[in-house]
Amino acid sequence: PHVSKFIADNYDKVKKLADKYGYSPEFVLSIMRIETSNGKDSDYINHNIGFNMQSKAGDKSIQQRDKDKHGNVYVAGYKTYNTIEESIEDFLKWCKRHNVQGSTDEELAYSFAQSPFAEGVGATKEEANNGLYQNYLNAIKDTRDYISKMTS
């Protein structure tokens, strides 16, 4: 029920912006699900952070402890937003700038896994990216299933 509610709460907003930028809503929602723990993350709830976009000087942001692929803890600044739509649009603009593209779930998941967005864990970059790809693809398919149940 929690995942269904998260998807239902965000679907229309995501669909409108995903269409505008040429991405599938399933792709956008699946990454948002991963990044917010299906909407349970307090930064999503309190700061409209849907995607953990790193902040630059002058951005409204919060500091957050994070771990790199080697398990080292560091503190990073993440942009905060007035609305979840601002967060979604910022993510989609980032995807465009970083040439994330594809006309199928597989192509999108692969392209996103190759992007500098997330660091996967693995002995090699290829192994890490393969892990990310599988994770993204599974999330997209799972999100697609939730949406089809929701809209049927």
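Visitor: Which mean pLDDT does the protein chain have?
Guide: This is a predicted model, where local features need pLDDT of at least 70, side-chain atom pairs count only at pLDDT 80 or more, and totals for chains, interfaces and linings use all residues. Residues are numbered from 1 along each chain as its sequence is written, and side-chain values use heavy atoms, with hydrogens and water left out. pLDDT is the predictor's confidence in each residue, from 0 to 100. In the protein chain, 100% of the residues reach 70 or more, and the mean pLDDT is 92.

Visitor: How many residues of H2 are buried?
Guide: Buried means under 20% relative accessible area, exposed over 50%, and partly exposed in between (1.4 Å probe, protein chains only). Among the buried residues of H2 are Phe-27, Leu-29, Ile-31 and Met-32, along with Glu-26 and Arg-33. H2 is largely enclosed by the rest of the structure, because the buried count is ten of its twelve residues.

Visitor: Which helices do the buried residues of H2 pack against?
Guide: Contact means heavy atoms within 4.5 Å. For the buried residues of H2, the partners are helix H1 (2–21), helix H3 (42–47), H4, helix H5 (105–114) and helix H6 (125–151).

Visitor: What distance does H6 reach from its first C-alpha to its last?
Guide: The expected span of a helix is 1.5 Å times one less than its number of residues. H6 has 27 residues, and the expected value is 39 Å. Its buried residues include Leu-132, Leu-137 and Ile-140, and their cover includes H1, H2 and H5.

Visitor: Is Asp-105 buried or exposed?
Guide: Asp-105 is found in helix H5. Leaving aside neighbours within four places in sequence, Asp-105 is in contact with Leu-137, Ile-140 and Arg-144. Its relative accessibility is 13%, so Asp-105 counts as buried.

Visitor: What relative accessible area does Thr-104 have?
Guide: Thr-104 has its place in the loop between H4 and H5. Its C-alpha is separated by 9.9 Å from that of Tyr-23, 81 residues apart along the chain. Thr-104 is partly exposed, and its relative accessible area is 33%.

Visitor: Which residues does Gly-120 touch, not counting those up to four places away in sequence?
Guide: Gly-120 is in the loop between H5 and H6, and counts as buried at 9% relative accessibility. Gly-120 touches Lys-69, Ala-128 and Leu-132.

Visitor: Which element gives the largest share of the lining of the largest pocket?
Guide: A pocket, on a 1 Å grid over the protein atoms alone, is an open set of points where a 1.4 Å probe fits, with protein on both sides within 12 Å along at least five of seven lines; lining residues have an atom within 4 Å of a point. About 670 Å³ of space lies in the largest pocket, and of its 23 lining residues, the closest to the centre are Asn-52, Gln-54, Tyr-78, Phe-117 and Ala-118. E1, strand E2 (73–79) and H4 each give two or more residues to this lining. The largest share, four residues, comes from E1.

Definitions and conventions: Grid points are joined across faces, edges and corners, and a volume is the space filled by probe spheres set on the points.
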